[in-house]
Amino acid sequence: MAEGFRAEWPMDLGAPKTSLEAKQSRPKDIGLDVPSPSRYYSREFMELEWKHVWPRVWLLAGVTPDIKEPGDFTLFSHGHEEFIIARQQDGSIKAFYNVCPHRGNRVCLVEQGSVANFSCPFHGWKFGCDGKLETVTEEKTFDPALLKHRPGLTEVRCGVIGGLIFINMDGKAPPLREWIGLPPGYIENYEIENMNVVRHVRSEWMANWKTGIDAFYETYHLPHIHPQTQGVMEDYSQIDLYPNGFSRMIVPIGVKSHRIADRATVDPYQKFMMMEAGIDPETFDGSAEDVRTAIQKSKRARGKQFGLDYYDRLTDGQLTDSWATGYFPNVQIGMHPEGVFIMRFQPHPTDPERFYYDNMTMFRFVDDPGYTTPGWMGLPKDIDVTGAVRPEIEHVPAGIRPNLGEVLDQDVELVAAVQRGVRSRGFRGPLWGEQEDRLRHFHREIDRLIASGRKS
Ligand code: FES
Ligand SMILES: [Fe+2]
């Protein structure tokens, strides 16, 4: 076995306690609850989430590279709600409900852009990028008493950490930094603010949003649903639970699954990964066990070569592995040095058995032909990765494959089949094993919020 890597359960990559990679101890009180499956399909549970969960949590609303200049804005839709996230003249970011105070029309109907002010399409009232009311069309036809509070766009709390923009609808929620259960530096070290969205796909899936989350929160299903990953990915992940429902699984990449008996022969996909990292697989004289470490060494050197100082803040493991990080409640980000893969599981406004799987692929462009987008991004060939142009969102209706690669295609089918099963009278509730601790942690936090909301 290559030094520092052993695939045993429970998986522990052996990082020192002071490292962001350190295995977190498993909570003793994690329990063995088997919740009712109705949470996956009932309208009652959906309403409880609308009442007690969604308004109280910090939601990932966008990324700072999408709104670089004053006047740049992006929309964020979340169920019934829609928000305008806008860069201000002083460089700060504000967020508003995308609702006109006059008659409730959506003020902004395009998903992203740049404006001097927002003009409501219904009767032409104008609002500054700071949300303040600028002009009321034919104001003399209104009694001044009606408008004396100068109604502007309703602001919503907004905060930024490491290039990620969050909003919160609840005035009483804790500040963003307190809410984020991850240690300081965890997000910031990747410098997401210097990456760009190079692809954005929003597809509609026929399942509850939590059925979607559950399928992406464990690697227990890999050998069964995605057996093709075994040549290059370990399916025992290091599972780490953080406060406030946050969690992580470190998926070791560049290694064969412990299920593969042949530990010597280098897998074709390992060869491909070596090429991406600047190693010639034909002259490589190590075994399959040595590949992950070799890639880490090569990437470390390339970080220096290309002046990527932030690589210095990443562990060797971070250079190869996916730190699939759960941002409670509805986001997982696959975090890699070259870029990040953001998955948002957006609830459908009215149907508990549909959700939107919203993906942003972000890449830090390096102007050198030897530094390319990694294969895991699965980007179509003609995509511009320089960041010069922010791509339009590709909207994919239910029933159409989102073209995000073979693994995601397998997940689309899987998640729909699970949804059909969990609403059966024959299903008594999920029996989560230790490899599914992140699911247990996530659902418990949902339950905690609902219980505390009901009490208050
Ligand atoms: S609803 Fe916006 S101006 Fe009338
Ligand atoms: Fe999967």
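Trainee: Where is Pro329 found?

Mentor: Pro329 is found in the loop between β14 (322-327) and β15 (331-335). Keep in mind that this is a predicted model.

Trainee: What is the peptide bond from Phe328 to Pro329, cis or trans?

Mentor: Start with the general idea. Most peptide bonds are trans. The bond from Phe328 to Pro329 is cis, and its omega is near 0°. A cis bond also runs from Trp9 to Pro10, with omega near -5°. Pro10 lies in the segment before α1.

Trainee: Is Glu138 buried or exposed?

Mentor: Count the C-beta neighbours inside 10 Å. Glu138 has 9, so it counts as exposed, since the limit for exposed is 12 or fewer.

Trainee: And is Asn244 buried or exposed?

Mentor: Asn244 has 20 other C-beta atoms within 10 Å, so it is buried. The cut-off for buried is 20 or more.

Trainee: What about a residue between those limits, such as Thr315: how many C-beta neighbours does it have inside 10 Å?

Mentor: Thr315 has 19 and therefore counts as partly exposed. Thr315 lies in the loop between α7 and α8 (316-320). Leaving aside residues up to four places away in sequence, Thr315 touches Ala15, Ser19 and Glu21.

Trainee: How far apart are Thr315 and Ser19 in sequence and in space?

Mentor: They are 296 residues apart in sequence, and their C-alpha atoms are 8.3 Å apart in space.

Trainee: Now helices. At what angle do α1 and α10 pack?

Mentor: To describe a helix pair, look at the angle and the distance between the axes, then at the residues in contact. Helix α1 (residues 43-53) packs against helix α10 (residues 437-455) at about 70°, and the axes are 9 Å apart. That makes the two helices roughly perpendicular. On the α1 side the contact uses Leu48, Lys51, His52 and Val53; on the α10 side it uses Ile446, Leu449, Ile450, Gly453 and Arg454. By class, five of these residues are nonpolar, two polar and two charged.

Trainee: At what angle do the axes of α6 and α7 cross?

Mentor: The axes of helix α6 (residues 268-276) and helix α7 (residues 291-305) cross at roughly 10° and come within 9 Å. The pair is therefore roughly parallel, as angles under 35 degrees are classed that way. Gln270, Met273 and Met274 of α6 meet Val291, Ala294 and Ile295 of α7. This contact has five nonpolar residues, one polar and no charged.

Trainee: Which domains does the chain have?

Mentor: The domain assignment gives domain 1 (1-55 + 192-456) and domain 2 (59-179). Their C-alpha centres lie 31 Å apart. Domain 1 puts 19 residues into the contact and domain 2 puts 16.

Trainee: Which elements give two or more residues to the side of domain 1 that touches domain 2?

Mentor: They are β11 (196-205), β16 (339-347) and β17 (355-363). β16 gives the most, with three residues. The residues on this side of domain 1 comprise 13 nonpolar, three polar and three charged.

Trainee: Which residues of the largest nonpolar core touch the most other members?

Mentor: First the general idea. In soluble globular proteins, nonpolar side chains tend to be buried together. Here the largest nonpolar core has 90 residues, and those touching the most other members are Ala61, Phe83, Ile85, Ala95, Ile167, Val340 and Met362. β17 gives the most to this core, with six residues. Both domain 1 and domain 2 give residues to the core, so it lies between them.

Trainee: What does Ile85 touch?

Mentor: Not counting residues up to four places away in sequence, Ile85 touches Ala61, Gly62, Ile67, Phe73, Thr74, Phe76, Ile93, Ala95 and Ile165.

Note on methods:
Residues numbered from 1 in each chain as written. Chains lettered and ligands numbered in written order. Predicted model: local features only at pLDDT ≥ 70, side-chain atom pairs only at ≥ 80, totals over all residues. Axes fitted to C-alpha atoms, helices over the stretch in contact; angles between N-to-C directions. Helix = DSSP H or I, 4+ residues; strand = E, 2+ residues; numbered from the N terminus. Parallel < 35°, antiparallel > 145°, perpendicular 65-115°, else oblique. Contact = placed C-beta atoms within 7 Å. Nonpolar A, V, L, I, M, F, W, Y, C, P; charged D, E, K, R; others polar. Domains from an automatic or database assignment. Core = buried A, V, L, I, M, F, W, Y, C linked by C-beta atoms within 7 Å.
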